[in-house]
Structure formats: structure tokens, C-alpha cells
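I am keeping these entries while I look through the structure shown here.

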Amino acid sequence: MLARIRSFGVKGIGGYEVTVECYVTNGLPSFDVVGLPDAAVKEARERVRAAAKSNGFHLPASRITVNLAPADTKKAGTVYDLPIFLGLLAAQGSISQPGPDKAFFGELSLGGELRPVSGALPMALEAVRCGVKELFVPADNADEAAYADGVSVYPVGNVAELVAHLRGERSIAPAVPGELEHIEHTYPDFADVKGQDNVKRAMEIAAAGGHNILLVGPPGAGKSMMSKRLPGILPDMTKEEMLECTEIYSVAGLTGKRNPIISTRQFRSPHHTVSAAAMAGGGTTPRPGEISLAHNSVLFLDELPEFRKDVLEVLRQPLEDGEVTVSRVAGSVTYPANFMLVCAMNPCKCGWYGHSRCKCTPNEVRAYHNRISGPLLDRIDIIVEAPALEYEELKSRTPSESSAEIKKRVNAARGAQQKRFAGTEIHKNADMDTKALNRFCALDADCEALMHRAFDSMGLTARSYDRILRVARTIADLDGSECIGAAHIAEAIQYRSFDFRENDA
């Protein structure tokens with residue numbers, strides 16, 4: 001007999017439907033799984049046999065063929081254990097064929113318990129698009145999958161209770177979706193930072209417009225300290241952003257029963273020994289990398305020149321496009337990567353360039369700076385110096401401005417941007433394309449003259465010109481100004497004029 005069970009798989013961060021076809025016929029006993037399965041899918045044979053026997057179900061000593069359609073798409077993981085189990089029971093008449101409005105996925109233990117799998121939310125969202133009304137998933141995945149509106153998600157603990165539910169003997173209560181709302185997270189406070197008012201101002205502008213920023217200064221100036229406080233002044237995540245981030249983290253296997261939804265801005269800080277594949281994503285079965293895990297959040301690169309050159313160059317295309325495409329033998333997938341890049345570096349190898357204690361030779365300084373390519377620097381909107389603190393600043397007991405106060409101004413600026421870009425795919429100033437720049441960043445004669453002088457004297461590129469306009473637009477938003485003024489342009493130019501390599505020659 002033939003039975004068909006609806007299930008789902010994951011490619012990239014999107015789900016796709018898989019039909020599990022189970023065929024039981026007379027012949028020499030065998031159990032074949034076809035449809036481009038990987039090793040984990042093939043091993044489902046042993047898990048299904050053991051789970052059935054452990055729970056008193058009989059699998060016939062017959063010729064069993066399981067096809068995972070579409071057969072030309074590679075299948076990976078353990079998500080098909082449950083639909084294969086149910087398909088075999090339905091093929092031999094132990095249970096009725098589940099209706100087309102039902103779908104199943106989950107990994108089986110040898111005792112028949114269901115274990116969680118990666119990608120529950122993307123598969124649940126695809127189930128909604130495919131018209132599925134009832135989705136049966138491992139209990140530990142239920143809270144995450146329930147955030148997909150339009151489908152009833154049933155948490156399954158083991159196969160015995162699922163079979164009882166399908167036979168109408170004992171019902172399983174559907175999971176109740178939680179509220180998609182921001183959960184307060186305690187970030188370090190800017191009130192702890194002494195001095196560095198110019199850097200705090202630059203970070204406020206970066207947060208308000210989602211701009212990339214580079215901090216340059218000697219050891220102990222507070223570069224890392226301030227960077228770790230940046231998520232605390234970013235706007236709260238919207239529901240759409242929460243779902244986008246949760247899909248990525250779900251595929252990466254970083255969600256679970258305790259954290260079914262990503263509701264706060266993440267702070268990804270990979271070590272400088274990270275590989276290019278770990279940064280961009282990859283593996284035999286491609287998985288999201290650090291730049292995708294920082295989607296809608298912050299990617300912090302401390303000691304920027306210490307990162308390998310190929311790792312830094314990987315950032316260039318995602319910084320422009322907001323996504324990264326990973327191509328491997330198993331296939332090509334595209335992951336979102338619209339992140340805010342925050343970098344910190346010393347002005348030289350020893351960190352004391354320009355001070356008497358610096359022992360670096362000019363060639364060593366030049367070689368250190370050349371580890372960062374010009375095209376990558378061109379993609380950074382704000383470059384700001386974090387000077388060493390003076391004693392008077394350190395001993396001061398006057399409290400600094402708190403993150404909460406800074407965040408109020410950032411939220412007001414982001415609110416203005418949301419109104420401005422309503423009905424478009426642009427969410428913040430850093431995302432403005434050429435058309436939006438022409439419309440929302442018009443300059444008067446004084447601003448044009450100022451930009452002209454800066455373009456000629458600083459040797460700016462077209463990309464630098466656009467980034468100055470975006471930063472100026474954010475500064476104007478923080479001032480509550482509808483139009484960009486000369487003061488806004490001047491401050492934006494200032495954040496491009498600091499060149500830590502100007503004395504290399």
C-alpha cells in the first residue's frame with residue numbers, strides 16, 4: 001500500500017514542502033530511502049524501526065520504499081523521522097491516512113520520544129503558505145512554531161500520544177502562541193563611560209541611522225566598552241524584525257524551548273581568528289554565518305587589523321546589498337545580512353602611535369594600516385578618534401548621560417525615518433538608495449558649496465559622497481529638522497575627515 005504524508009524542509013532560511021511517500025509491498029525485506037537523502041536521513045530507518053518496536057507498533061518484514069519528493073532536491077537532517085514513521089503505519093493500515101491539511105516533522109529517539117529540530121519557524125511559516133491547518137511538531141519546537149499565524153501547532157512528546165490523537169482516542173492541546181513583544185534586556189549603560197563625549201555623539205548618530213562606525217584609539221580608551229553599550233541605545237525590534245532574526249537563529253540551531261523567539265538586538269563579537277566561512281556562512285550544508293546572525297543587530301569587530309584579509313573582504317558585498325549568497329556543492333543559498341558594523345582598532349601595532357612611548361617604525365605602522373583595504377574603509381560611514389583619557393576625566397564623579405536618555409533621542413529620530421519611508425522597503429537612513437537620496441537629501445546652495453569643497457580637498461568617492469548625505473540626514477533627524485543644513489553637512493564631513501593613515505608617508 002502507498003501512503004503520503006506532508007512534511008517540510010529548510011533551504012537557506014526558507015522552508016519548502018516535502019511529500020513523504022511510503023510504499024510497502026511483498027518481496028525480500030528491505031528499507032530504502034530515496035529522494036537525494038543525506039546520511040542523517042538514511043539513518044531514519046533504524047530510528048523508525050526502534051521507535052515503532054519500543055511503542056508496540058509492528059512494521060512488516062516486507063519491501064519498504066520511502067521517497068522524499070521533490071526527488072531532485074537534496075534532503076538533510078532528521079526532520080523526516082516522524083512523517084516516515086506515520087507513513088509506514090498508514091501504508092500498512094495501522095492508522096488512517098492523515099488528511100491533506102495536516103503536516104508533520106520531528107526527530108525520533110529510539111524510545112519514540114520526539115526531539116527538537118532546527119528551522120521550526122521557517123517550516124511553520126511555509127506550512128501556512130501551503131495551506132496546512134494542523135502542524136505536529138516536537139514539544140520543544142512548539143513555542144517557536146506557534147508564532148506562525150494561521151496554523152494550529154500541536155506539541156508532540158512521543159509517537160504513542162500522537163497515534164492516540166490521530167485515532168481520536170486522546171487529544172493533544174494545541175500550543176498557544178506567545179505575544180510578539182520586546183523583552184527588556186539589561187545592557188551595560190553609557191552612564192558608566194567617563195569622558196569621550198565626541199565618541200558618544202558619533203555612536204548616537206550611528207544608532208539613530210543604522211550607520212557603520214569605526215573607533216580608533218589607544219588601549220584603554222574605552223572603545224570596546226562603548227561598543228558593548230551600543231545595543232542599549234538602539235530602537236526596540238519590530239515584530240517583523242523579530243521573526244526575521246528568529247528564522248535565522250532557528251536554522252542555525254540557536255533557538256529552543258527557553259528562547260523560542262529573538263526579541264532583542266544581538267551583539268555578535270567574533271574573535272579575530274574567525275574564518276571567512278564562519279563569517280559569511282557555509283559548511284557542507286550551508287548555515288548562517290556571523291554577518292547573518294547580526295542581521296538587524298550589531299556586528300562588532302575588535303582589533304580590526306588583526307582579522308585576516310579574506311575575512312574582512314567578505315564583508316564588502318553584504319555591507320552594500322544587505323544579504324550574502326553562499327555557494328557550496330550542496331547548493332546555493334542567500335541569507336539576509338543587514339547589520340550595523342562597529343569596529344575598533346589601535347592606531348598602530350603597539351597602540352600608542354603619536355605618543356613618545358610608541359616604538360613602531362614608519363614601515364610597521366604603514367603595514368599595520370594597510371591590513372584594512374580602502375574599499376572596506378569606504379563602506380564605513382563614521383570614523384571617530386577615541387583619545388586616551390586625561391586624569392581629570394577619570395577622577396570625575398559627575399554621572400554621564402545614561403543609555404535611556406540617549407535612546408529617547410534615537411527613538412525620536414527613527415520615528416521620523418519611519419514616517420518618511422512609510423510604504424517603501426527602506427527602514428532607516430543607512431538603507432537609502434540613490435532615488436531616496438535625491439528625494440530626501442536635497443541640499444541648498446551653502447550645503448552644495450560645502451560638499452563641493454570637501455569632495456575636492458578630501459578626494460572623496462561617489463560612495464563616500466552618498467554616505468556623507470546619509471549621515472547628514474540622520475544628524476538633521478536628531479535635531480528635529482526637516483531640511484539638511486550646513487551644520488549637519490559639516491558634522492557629517494568631520495566623521496569622514498579623520499584619517500589615521502595621514503602620517504604614514
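**Two helices crossing**

I looked up helix H7 (residues 197–209) and helix H17 (residues 403–420) in this predicted model, and found that their axes come within 8 Å and cross at roughly 35°. I noted the crossing of H7 past H17 as right-handed. I then listed the residues that make this contact, which are Glu204, Ala207, Ala208 and Gly209 on H7, and Ile406, Arg409, Val410, Ala413, Arg414 and Gln417 on H17. When I sorted the contact of H7 with H17 by class, I found five nonpolar, two polar and three charged residues.

**Nonpolar cores**

I next turned to the largest nonpolar core, which has 62 residues, and I wrote down Val20, Val66, Tyr80, Ile84, Phe85 and Leu88 as those with the most contacts inside it. Helix H3 (residues 81–91) gives the largest share of this core, eight residues. Leaving out residues up to four places away in sequence, I saw that Leu88 touches Cys22, Val24, Phe31, Val48, Leu59 and Ile64. I also found another core lying apart from that one, with 51 residues, including Met340, Ile426, Ala436 and Cys441.

**Helix H3**

Why is H3 largely enclosed by the rest of the structure? I checked its burial, and 11 of the 11 residues of H3 are buried, so the helix is largely enclosed by the rest of the structure. Among the buried residues of H3 I noted Asp81, Pro83 and Gly87 as well as Leu82 and Phe85. Finally, I looked at what comes after H3, and found that the helix is followed by Gly93, whose phi is positive, near 85°.

Terms used
Residues are numbered from 1 along each chain as its sequence is written. This is a predicted model: local features need pLDDT of at least 70, side-chain atom pairs count only at pLDDT 80 or more; totals for chains, interfaces and linings use all residues. Side-chain values use heavy atoms; hydrogens and water are left out. Axes are lines fitted to C-alpha atoms, for helices over the stretch in contact, and angles run from 0 to 180 degrees between N-to-C directions. Helices (H or I, at least four residues) and strands (E, at least two) are DSSP runs, numbered from the N terminus. A crossing is left-handed if the near helix is turned anticlockwise from the far one by less than a right angle, and right-handed if clockwise. Contact means heavy atoms within 4.5 Å. Ala, Val, Leu, Ile, Met, Phe, Trp, Tyr, Cys and Pro count as nonpolar, Asp, Glu, Lys and Arg as charged, and the others, Gly among them, as polar. A nonpolar core is a set of buried Ala, Val, Leu, Ile, Met, Phe, Trp, Tyr and Cys residues joined through side-chain atoms within 4.5 Å. Buried means under 20% relative accessible area, exposed over 50%, partly exposed in between (1.4 Å probe, protein chains only).
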